[in-house]
Each structure stands twice: as C-alpha cells, then as structure tokens.
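This briefing is for a reader who is meeting the structure for the first time. Please look over the sequence and the model before reading the notes below.

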Amino acid sequence: QVQLVESGGGLVQAGGSLSVSCAASGNILSINAMGWYRQAPGKQRELVAVITGIGRTNSADSVKGRFAISRDNAKNTVYLQMNSLKPEDTAVYYCNVEAYTMLGLRTYWGQGTQVTVSS
C-alpha cells in the first residue's frame, strides 16, 4: 500500500505565494507520474500540473507561468510552488501519484490540503 502525506497550503492574500508538498511512502517499487489536482466548491476536480518520471511537466493554462511543479525522486516527493496567487486559485489541492507496488501500477490520492486566496 502507498500512503501520501501532503503539507503546506493555507491562507494567503492575492498576489502572494504558497507551496505544497506531497511525500509518498510504503511498499513502492517505482513511481511514474506525480501531479496536483484541485477542486473548488461546486466544481469538478481539475488537473493543475503533472510531472513524469523523467521530469517532463504539463500544467493547466490557468496556472502556466505562475505555478511550478517539481519532484525529488530520492524522497518520493512532489512539490507545487504557487506564485502570483489569485482568488480563483482557492481550492482543495490533491496530490496524485502513479506508483508500482507488488500489486501492480495504481493511482493514489492524497487527503487534500486547503489553499485559500483572499482578495
């Protein structure tokens, strides 16, 4: 089994910065993609950014140029640096990890961390 522990997030004023991180642990053989999704009240969960095992990244148009995703493979950790935050970035942010265990390749989700941007 794989456990994901998220940290960071919180409350910030518009224009400010926050970072979130997600550490994966458990019986992990290897990790493919790691990513961040978010879900605002009354809206569907959406992709924010993803990073592959070889470091290729992709992000939503709404965050391009403001958010940066990175990973530390030695620590099985993915980070999301959020700059120039806007009120519309307010959401619960979820970590997503594709990992191989003895059970095969599966997708795991973090518990979510709240990011609130005040205007």
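The model is predicted. The protein chain contains 11 strands and 0 helices. There is 1 disulfide in the structure.

**Whole chain**

- Read from the N terminus, the elements of the protein chain run β-β-β-β-β-β-β-β-β-β-β.
- The radius of gyration of the protein chain is 14 Å, which agrees with the value near 14 Å that a compact globule of 119 residues would have.
- Along the principal axes, the C-alpha atoms of the protein chain fill a box of roughly 45 × 25 × 20 Å.
- Of the 119 residues in the protein chain, 40% are buried.
- The protein chain exposes about 6,300 Å², and carbon and sulfur atoms supply 49% of that area.
- Among contacts in the protein chain with a separation of 6 or more, 55% are between residues 24 or more positions apart.

**The four-stranded sheet**

- Four strands form an open sheet in the order β1-β3-β8-β7, and their pairing is antiparallel.
- β1 (2-8) and β7 (67-72) stand at the edges of this sheet; each has a single partner strand, so one side of each is left without a neighbour in the sheet.
- From one strand to the next, the twist averages 15°.
- Strand β3 covers residues 18-26 and pairs with β1 in the antiparallel sense over 7 bridges.
- Within this pairing, S7 stands opposite S21 in β3.
- Strands of a sheet pair through backbone hydrogen bonds, and the pairing is either parallel or antiparallel.

**Strand β4 and its partners**

- Strand β4 (residues 30-39) pairs with β9 in the antiparallel sense over 8 bridges.
- A99 in β9 is the bridge partner of I31.
- β4 also pairs with strand β5 (residues 46-51), in the antiparallel sense and over 5 bridges.
- R38 stands opposite E46 in β5.
- β4 and β5 form a hairpin with 6 residues between them, and G42 in the turn has a positive phi of about 75°.

**The disulfide**

- C22 and C95 are joined by a disulfide, with an S to S distance of 2.1 Å.
- C22 lies in strand β3 and C95 in strand β9 (residues 91-101), so the pair ties together parts that are 73 residues apart in sequence.
- The torsion about the S-S bond of C22 and C95 is about -75°, so the disulfide is left-handed.
- C22 is buried, at a relative accessible area of 0%.
- C95 is buried as well, with a relative accessible area of 0%.

**W109**

- W109 belongs to strand β10, which covers residues 104-109.
- The relative accessibility of W109 is 39%, so this residue counts as partly exposed.
- Leaving aside neighbours within four places in sequence, W109 is in contact with L4, Y37, R45, Y94, C95 and N96; one of these, C95, is a partner in the disulfide.
- From C-alpha to C-alpha, W109 and C22 are 10.0 Å apart in space, and they are 87 residues apart in sequence.

**T101**

- T101 is found in strand β9.
- With a relative accessible area of 5%, T101 is buried, because the cut-off for buried is under 20%.
- Not counting residues up to four places away in sequence, T101 touches V2, N27, I28, L29 and Y108.

Key:
Residues numbered from 1 in each chain as written. Predicted model: local features only at pLDDT ≥ 70, side-chain atom pairs only at ≥ 80, totals over all residues. Heavy atoms only, no water. Helix = DSSP H or I, 4+ residues; strand = E, 2+ residues; numbered from the N terminus. Buried < 20%, exposed > 50% of the residue type's maximum accessible area, 1.4 Å probe, protein only. Contact = heavy atoms within 4.5 Å. Pairing = 2+ DSSP bridges. Axes fitted to C-alpha atoms, helices over the stretch in contact; angles between N-to-C directions. Disulfide = S-S within 2.5 Å. Rg over C-alpha atoms; globule rule 2.2 N^0.38 Å. Areas by Shrake-Rupley, 256 points an atom, 1.4 Å probe, with all protein chains shown as cover.
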